[in-house]
Structures are given as C-alpha cells and as structure tokens.
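I opened my notebook to look at one protein model. Come along and check each entry with me.

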Amino acid sequence: MVKSSLSIAVFVTLLVVTQIFVEIAEGGKIQIPDELDDVIDDEEDEEWKNWGKKKPSKKEFDPPKLDLSNMELPEIQSEMMKRHTGPSFGFVKLRLGGASRRTPDMVSEIAMKWSKVMKTGSIDVKFMGVDISTIMFTTEKGQDIMELVEFVLSESQAYEVKIGDQVHRRPGDPPLEDVMERIRSQIVDQHATPNDEL
C-alpha cells in the first residue's frame, strides 16, 4: 500500500510539473499577426541578397601599354598568349624515330598518361590521339598554356607543340619540316645508290 501511495504521489507531482511547464511555454509564445504590411525587415543585408549569385571579378583587366607597331607578329602573339584566359587547343607532334613502331593504341596510351599527369598538377587538359605522330589537346583555361608546353616538351616522345601559328620546341631542335626533308632525302639517296651501281 505504501508503494502504491508513493507511486501515486510521484505521478501527481510529475503531472503538476508538466502542467506548469505547459503553462509557461504557452505564456511565453509570441503572437505574430497575419497583417505584416507595416513591418520592415531590415535583417537582410546586401551580402544576404547576393548569396548564390556569381560574384564579379574584383581584378579588372588592365593590359600593359604596348607599342604594337614596333613588334613583329610572333612577339605580338607571345604577348597575347600571356594574357589568354579562354579555351585553347593545339597539337603535339611526336618524335619521328618511333613512328614506324608506334601504333594508334600506343598514341592513345601516351595521350591518356599525359592527361592524368596534368590533372595531378591541377591543369585540366584533354589529350587525344589523332594519328601515329600527332596528339591533339584542349584546355578550358588558356592561362595554363605555358605550363602545358613546358610539360609536353619535357616528355621524351614529344618533338614540338603547335598552338595556332606558334610552334614551341626544345632549344636547338630544327623545325619539323627540316627534319622530315632530311629523312626524305636520306631515303631517296638510299634508293638511288643501288640503282647507280648497276
């Protein structure tokens, strides 16, 4: 009987405490009227209003003053490439020595390897095999072009990089056309020599 009266007393106490909390909670409610025409919401600042919108570039494009009349076309192109920001594409000519043994699959593997290496350097470039001696590349950020050229020319398979009219190759390497002409003349000489001896 003592247990039942004790449990009733605990139950009644909990009921009273719960009722007190409910009354405090209801008394503490703020009533918001449905008519809000005269209320001014000044909590939203400019930053809140512009949230999610693309922020304009704070750095304005201010090109240096260049006297283009005293520059040659390659110099002008070089200056333009320094400030190029849009998408770009170009071609990599591979060394000719391995072209006879190179397959289209090998060129695709080279292109895939270069793409992965450039991504690890946080440069988004896509290389694609065109033929057994040419790889094409595309990039969305033209400002990465010079780093891309440095990387490609550091690779042993690459001979030159062509972007528009500009051709980049290692210092001291002759133009690809000269190399091809030398190879053609050697082939002609080899075929001409046996016929002369007959």
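**Ground rules.** I am reading a predicted model, where local features need pLDDT of at least 70, side-chain atom pairs count only at pLDDT 80 or more, and totals for chains, interfaces and linings use all residues. Residues are numbered from 1 along each chain as its sequence is written, and side-chain values use heavy atoms, leaving out hydrogens and water.

**The sheet.** I looked up the strand order and found β2-β3-β1-β4-β5, an open sheet of five strands with antiparallel pairing. β2 and β5 (166–169) are at the edges with a single partner strand each, so one side of each has no neighbour in the sheet. From one strand to the next, the twist averages 25 degrees. Strands are DSSP runs of E (at least two residues), and helices are runs of H or I (at least four), numbered from the N terminus. Two strands pair if DSSP finds at least two bridges between them; β1 (residues 88–94) and β3 (residues 134–139) have six. I noted that Thr138 in β3 is the bridge partner of Phe89.

**Lys126.** I found Lys126 in strand β2 (residues 125–131). Beyond its neighbours within four places in sequence, Lys126 is in contact (heavy atoms within 4.5 Å) with Ser115, Met136, Phe137 and Thr138.

**Phe11.** My last stop was Phe11, in helix α1 (residues 2–27). Phe11 counts as exposed because its relative accessibility is 55%.

Note on methods
Buried means under 20% relative accessible area, exposed over 50%, partly exposed in between (1.4 Å probe, protein chains only). Axes are lines fitted to C-alpha atoms, for helices over the stretch in contact, and angles run from 0 to 180 degrees between N-to-C directions.
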